[in-house]
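The notes are grouped by topic.

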Amino acid sequence: MPSEDSVLRDGASNGGQTGSGGLPAPLRHFVDRLDELRSAEVVDMDQVGRILVELAGDEEFFGPLIAQLPSGSPGSRWLIRPERGPRLVLVHRPEGVMGYTHSHRYWVGIAPVRGVETHQRWDAVRHAGGQAELSLADERALLHGDVATLVPPRDVHNHGHVAGSGPSPYSLILLGDDMLRFDREEYDPERGTWRELAPGDPGRDNR
């Protein structure tokens, strides 16, 4: 697994470069810059976060896409989705809706385009029988211009909207690879439980 501070180059394991052919100009520019970062010996997650924030700042591009998502219910739209390697999705969670706590087994970045995205990272110790010890390691209210990045093994997290925190979020989620190819875990901090997510199991969306 990648370290907390840097990620080994992933081109050989994920089928090569992300590819930008046929994408709209803002996404094409983003993919080209991301591929430059991935060509290094290690991927600088701070730099990945910066280019994700820059992309999230393109209101002219994202405004029409946000208008197509339902405002009162969860919704998402894939923007970049290769067979392997980094992929990008625009996600909306409505008032008071948070996602389930989960792991990715690969690096991930989250940056709001609009609204307030509450991001929580957890320290988790799993036990046999489905019991888990979970403690909140970090909680941030992400605003436009903010970003959160995670790499395994400290990638147990959840995010979405907390009622009363501000407008519900429309956020970019950048995944380092197809998480459905990996064994992962899903957690319930309130009950102190966990369960395995086999490859192909997306888990529960919202709680």
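Within strand β8, Ser135 is the bridge partner of Asp123. The model is predicted.

**Strand β7 and its partners**
- Ten bridges link β7 (residues 117-126) to β8 (residues 132-142), and the two strands pair in the antiparallel sense.
- The hairpin of β7 and β8 has five residues between the strands, and Gly129 there takes a positive phi near 85 degrees.
- Strand β10 (residues 157-160) is joined to β7 by four bridges, and these strands also run antiparallel.
- On the β10 side, His159 is the bridge partner of His119.

**Arg121**
- Strand β7 also contains Arg121.
- Arg121 has a relative accessible area of 11%, and because the cut-off for buried is under 20%, Arg121 counts as buried.
- Beyond its neighbours within four places in sequence, Arg121 is in contact with Ser135, Leu136, Ala137, Asp138, Leu150, Arg154, Val156 and His157.

**Helices α1 and α2**
- The axes of α1 (residues 25-38) and α2 (residues 45-56) come within 10 Å and cross at roughly 175 degrees.
- Angles over 145 degrees count as roughly antiparallel, so α1 and α2 are roughly antiparallel to each other.
- From α1, the contact is made by Pro26, Leu27, Phe30, Arg33, Leu34 and Leu37; from α2, by Gln47, Val48, Ile51, Leu52, Glu54 and Leu55.
- Sorted by class, this contact of α1 with α2 has nine nonpolar, one polar and two charged residues.

Definitions and conventions. Residues are numbered from 1 along each chain as its sequence is written. This is a predicted model: local features need pLDDT of at least 70, side-chain atom pairs count only at pLDDT 80 or more; totals for chains, interfaces and linings use all residues. Side-chain values use heavy atoms; hydrogens and water are left out. Two strands pair if DSSP finds at least two bridges between them. Buried means under 20% relative accessible area, exposed over 50%, partly exposed in between (1.4 Å probe, protein chains only). Contact means heavy atoms within 4.5 Å. Axes are lines fitted to C-alpha atoms, for helices over the stretch in contact, and angles run from 0 to 180 degrees between N-to-C directions. Angles under 35 degrees count as roughly parallel, over 145 as roughly antiparallel, 65 to 115 as roughly perpendicular and the rest as oblique. Ala, Val, Leu, Ile, Met, Phe, Trp, Tyr, Cys and Pro count as nonpolar, Asp, Glu, Lys and Arg as charged, and the others, Gly among them, as polar.
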